[in-house]
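This report goes through a structural model one topic at a time. The sequence and structure come first.

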Amino acid sequence: MIQLILVILPPRHIPATSALLHQQWRCSSQFHYFSSPNYQILSNKTQLQIHSSCFTMFMFHSQSWSFWDLWGLWDLFCRSCSRVEYRNAAIFHNHSDSKMVAKTVDLRSDTVTRPTDAMRVAMANAEVDDDVLGYDPTALRLEKEVASIMGKEAALFVPSGTMGNLISVLVHCDVRGSEVILGDNSHIHIYENGGISTIGGVHPRTVKNNEDGTMDLDLIEAVIRNPKGALYYPTTRLICLENSHANCGRRCLSVEYTNRVSTIARRHDLKLHIDGARIFNAATALGVPVGRLVEAADSVSVCLSKGLGAPVGSVIVGSETFITKARAMRKTLGGGMRQEGVLCAAAFVALKQNFSKLQDDHEKAKRLADGLSRIEGLEVDVDAVETNIVYFDAMESANITVPKLCKRLEEHGILVIPESSSRVRIVIHRQISDSDVQYILSCIQLAMDGFSGLRVEK
């Protein structure tokens with residue numbers, strides 16, 4: 001039972017809010033307005049000490065409304081008012097017995113999404129068979145669909161993007177001691193447990209990633225081993241790109257750049273693999289068909305459990321010959337999953353229903369970045385936000401550290417990942433609403449102003 005709600009708004013929005021409340025919610029709830037910096041309110045034997053120097057406070061309480069009734073009211077208000085500076089608006093509330101978090105806004109990654117009802121129904125009704133034997137019809141349907149979208153001959157479902165990249169590298173570099181050229185800040189090199197080396201005996205040759213995720217073409221060509229030095233050096237067999245690029249702010253590699261890297265690879269008889277964990281985001285941001293974006297690649301690992309929101313799984317695409325070898329390597333690595341059609345059914349729904357919605361995530365990320373850029377003490381490169389990921393830095397002059405900021409946000413149900421002692425990463429996904437974006441900005445603004453929410457004293 002919700003006993004108290006505080007809505008903190010710029011003073012000029014109070015009349016509109018009041019009118020909206022009375023119009024949409026006709027009930028006996030009591031409404032109180034405050035505009036002075038400090039108040040002590042006694043409610044249900046709980047004393048609330050409220051501090052604010054820049055906001056008007058709008059309070060109402062009800063014995064009958066649930067929090068979600070009130071959250072719906074807030075969402076309606078956000079959608080009904082135009083030109084409202086949402087970064088100066090927030091909701092805080094106190095339960096009758098204890099302080100509690102209203103809801104969780106999970107921004108740690110786009111991998112945290114829950115399956116939709118449609119996905120769960122598809123999983124329950126999936127037609128399955130033994131995929132290790134090659135007969136699962138739902139897996140075959142998904143693989144055929146992804147191969148068609150990507151413009152490749154064949155595809156293979158695997159449990160994760162890490163396994164997809166590992167299989168691809170090992171198939172291309174089928175001689176131990178081979179060398180792969182990849183970015184020094186790439187996901188394969190940093191976050192995949194060194195699998196290409198520990199399992200495959202493949203040597204990574206890194207090239208510096210630029211801020212936009214590219215590697216200089218001259219540097220790529222310069223590190224390709226001369227075959228005449230095979231007595232001393234590993235043999236270069238593969239170049240890996242990442243699109244979009246995780247550690248470079250999720251920047252997107254263009255068709256033109258990918259084609260130029262492919263030209264270098266062909267000139268030296270090398271293969272080209274693309275880590276396309278969020279390739280659908282990249283295609284959406286660049287406004288090109290995803291098949292065109294990977295046309296020059298020999299293989300692509302496509303993650304379905306990130307932006308698209310499937311619960312599990314990635315798909316590797318390539319030639320028929322490549323996928324035949326990849327299937328054997330998947331079995332070697334323990335990735336054969338028998339009746340995997342249960343998972344593929346959900347992934348198929350995600351592919352069909354959520355690809356077209358990625359633009360909404362990108363727009364929310366851009367609005368979030370713009371709002372963050374207006375908060376004193378934060379630094380954001382708004383122009384660098386191309387997809388669904390936003391990075392922001394807490395400046396040295398800010399009155400709060402990143403660990404403390406993350407802790408305060410968590411107190412209000414907002415989960416983020418600190419990238420460093422001064423940088424925070426936020427990932428927008430299909431479960432983040434427009435009102436969530438405004439709530440995030442509100443809480444960050446208040447934290448930066450030194451406001452940690454409601455201090456409840458019994």
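The model is predicted.

**The sheet**

An open sheet is built from 7 strands in the order β8-β14-β13-β12-β11-β9-β10, and the pairing is mixed. Its edges are β8, residues 154-158, and β10, residues 203-207. Each of these two strands has a single partner, so one side of each has no neighbour in the sheet. On average, neighbouring strands of this sheet are turned by 25° against each other, direction ignored.

Inside the sheet, β12 (residues 271-276) and β13 (residues 299-303) run parallel and are joined by 4 bridges. One point of reference along this pairing is I274, whose bridge partner in β13 is V300. In general, strands of a sheet pair through backbone hydrogen bonds, in either a parallel or an antiparallel manner.

**Salt bridges**

The structure contains 16 salt bridges. Side chains of opposite charge can pair when their charged atoms come close.

| D106 | R108 | 2.5 Å |

R108 has a relative accessible area of 36% and is partly exposed.

E179 is buried at 0% relative accessibility, whereas R205 is partly exposed with a relative accessible area of 24%.

**Backbone geometry**

Most residues other than glycine have a negative phi, and most peptide bonds are trans.

Which residues are joined by a cis peptide bond? The bond lies between N243 and S244, with omega about -5°. S244 belongs to the loop between β11 (235-242) and α9 (255-267).

D269 is not a glycine but has a positive phi, near 60°. Its place is the loop between α9 and β12. D269 is exposed, with a relative accessible area of 71%, a value over the 50% limit.

R338 also has a positive phi, near 45°, and is again a residue other than glycine. The loop that holds R338 runs between α12 (320-332) and α13 (341-354). At 39% relative accessibility, R338 counts as partly exposed.

E143 is located in helix α4, which spans residues 137-150. This glutamate is buried, at 4% relative accessibility. Apart from neighbours within four places in sequence, E143 is in contact with A155, L156, F157, R327 and E340.

T113 sits in the loop between β7 (105-106) and α3 (117-124). Is T113 buried or exposed? T113 is buried, with a relative accessible area of 8%. With neighbours within four places in sequence left aside, T113 is in contact with G309, H429, R430 and Q431.

**A helix pair**

Helix α14 (residues 358-373) and helix α16 (residues 434-448) have axes that come within 10 Å and cross at roughly 20°. That angle makes α14 roughly parallel to α16, because angles under 35 degrees count as such. The crossing of the two helices is right-handed.

Which residues meet where α14 and α16 are in contact? From α14 they are K364, R367, L368, G371 and L372, and from α16 they are D434, V437, I440, L441 and I444.

How values were computed: Residues numbered from 1 in each chain as written. Predicted model: local features only at pLDDT ≥ 70, side-chain atom pairs only at ≥ 80, totals over all residues. Heavy atoms only, no water. Pairing = 2+ DSSP bridges. Axes fitted to C-alpha atoms, helices over the stretch in contact; angles between N-to-C directions. Salt bridge = Lys/Arg side-chain N within 4 Å of Asp/Glu carboxyl O. Buried < 20%, exposed > 50% of the residue type's maximum accessible area, 1.4 Å probe, protein only. Contact = heavy atoms within 4.5 Å. Parallel < 35°, antiparallel > 145°, perpendicular 65-115°, else oblique. Left-handed = near helix turned anticlockwise from the far one by under 90°.
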